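Please read it with the model open.

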Amino acid sequence: MYTQLAKYITDRVAIDEAQLQVVLACFKPLTLKKNEVINNAGTPARRMYFVNKGCLRVYFLKVDGGEVTRRFAFENTFSTSLVSFITGEPLTEFTTAIETTELLYITRDDFYRLLDIIPAWEKFYRNFLEFAYVNNTRRLQILATQDATERYKYLLKENPHYVQRLSNKLVANYLNISPEALSRLKSKI
């Protein structure tokens with residue numbers, strides 16, 4: 001179960017085996033059932049998750065009760081609500097397993113302790129933050145500047161597995177369009 005995580009880390013930073021084992025020892029396994037919620041709005045994010053198998057969905061609730069998907073985390077991806085994880089403030093979003101999902105998680109306390117004792121972990125975190133910033137900025141730009149057709153084509157190009165693995169309802173929500181509009185787009189492309 002830890003092999004994927006070890007490879008993910010060593011593909012991104014140079015870390016000796018002893019330090020890698022210290023990092024890995026901080027992660028604990030967790031299996032979620034489909035639709036199980038692991039983060040609720042109103043409580044602080046106290047864990048960061050690595051997805052070994054399955055998929056997590058991070059989403060907000062609008063005032064009218066509608067959902068807005070911020071991101072999906074598939075295999076070999078880290079996921080947390082970074083604003084809450086960093087600041088300790090209550091979450092403004094939810095995280096749910098959209099299928100049976102196998103995770104490894106690290107607590108916020110252990111995560112920050114590793115930053116103090118393992119220089120490679122600090123470099124790993126910097127890379128993680130840079131990647132998250134670029135992805136979030138790119139997603140915001142696409143949502144603000146592209147029409148539904150362009151957003152769907154971009155998704156097909158950059159993340160075709162979203163369309164292959166997720167329901168039309170979830171893909172449409174992620175693209176900020178109705179399921180009916182997504183069906184029309186799919187029939188044209």
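1. Basis. This is a predicted model, in which local features need pLDDT of at least 70 and side-chain atom pairs count only at pLDDT 80 or more, while totals for chains, interfaces and linings use all residues. Residues are numbered from 1 along each chain as its sequence is written, and side-chain values use heavy atoms, with hydrogens and water left out.

2. Sheet. Four strands form an open sheet in the order β1-β8-β3-β6, with antiparallel pairing. Strands here are DSSP runs of E with at least two residues, helices are runs of H or I with at least four, and both are numbered from the N terminus; two strands pair if DSSP finds at least two bridges between them. β1 (28-32) and β6 are the edge strands, each with a single partner, so one side of each has no neighbour in the sheet. Neighbouring strands of this sheet are turned by 35° against each other on average, direction ignored. Axes are lines fitted to C-alpha atoms, for helices over the stretch in contact, and angles run from 0 to 180 degrees between N-to-C directions.

3. Pairing and packing. β1 and β8 (residues 101-107) run antiparallel and are joined by five bridges; Leu 30 has Leu 103 in β8 as its bridge partner. Helix α1 (residues 3-10) lies across β3 (47-53), β6 and β8, at about 110° to β3.

4. Largest pocket. Its volume is about 1,100 Å³. A pocket is an open set of points on a 1 Å grid over the protein atoms alone, where a 1.4 Å probe fits and protein lies on both sides within 12 Å along at least five of seven lines; lining residues have an atom within 4 Å of a point. Grid points are joined across faces, edges and corners, and the volume is the space filled by probe spheres set on them. There are 44 lining residues, and Arg 71, Phe 131, Ala 132, Asn 135 and Asn 136 lie nearest the centre. α5 provides the largest share, 12 residues. Elements that each supply at least two include β5 (67-73), α3 (82-87) and α6 (148-158). By class the lining has 22 nonpolar, 12 polar and 10 charged residues, where Ala, Val, Leu, Ile, Met, Phe, Trp, Tyr, Cys and Pro count as nonpolar, Asp, Glu, Lys and Arg as charged, and the others, Gly among them, as polar.

5. Second largest pocket. The space in this pocket is about 230 Å³. Among its lining residues are Asn 35, Arg 57, Glu 67, Lys 169 and Asn 173. α8 gives the most, four residues, and the lining divides into five nonpolar, three polar and three charged.

6. Positive phi. Most residues other than glycine have a negative phi. Asn 76, in the loop between β5 and β6, has a positive phi of about 60°. Asn 176, in the loop between α8 and α9 (179-188), has phi near 65°. Which of the classes buried, partly exposed or exposed applies to Asn 76? Asn 76 is partly exposed at 36% relative accessibility, whereas Asn 176 is exposed at 57% (buried is under 20%, exposed over 50%, partly exposed in between; 1.4 Å probe, protein chains only).

7. Val 68. This residue of β5 is partly exposed at 30%. Beyond its neighbours within four places in sequence, Val 68 is in contact (heavy atoms within 4.5 Å) with Val 58, Tyr 59, Phe 60, Lys 62 and Asn 173.
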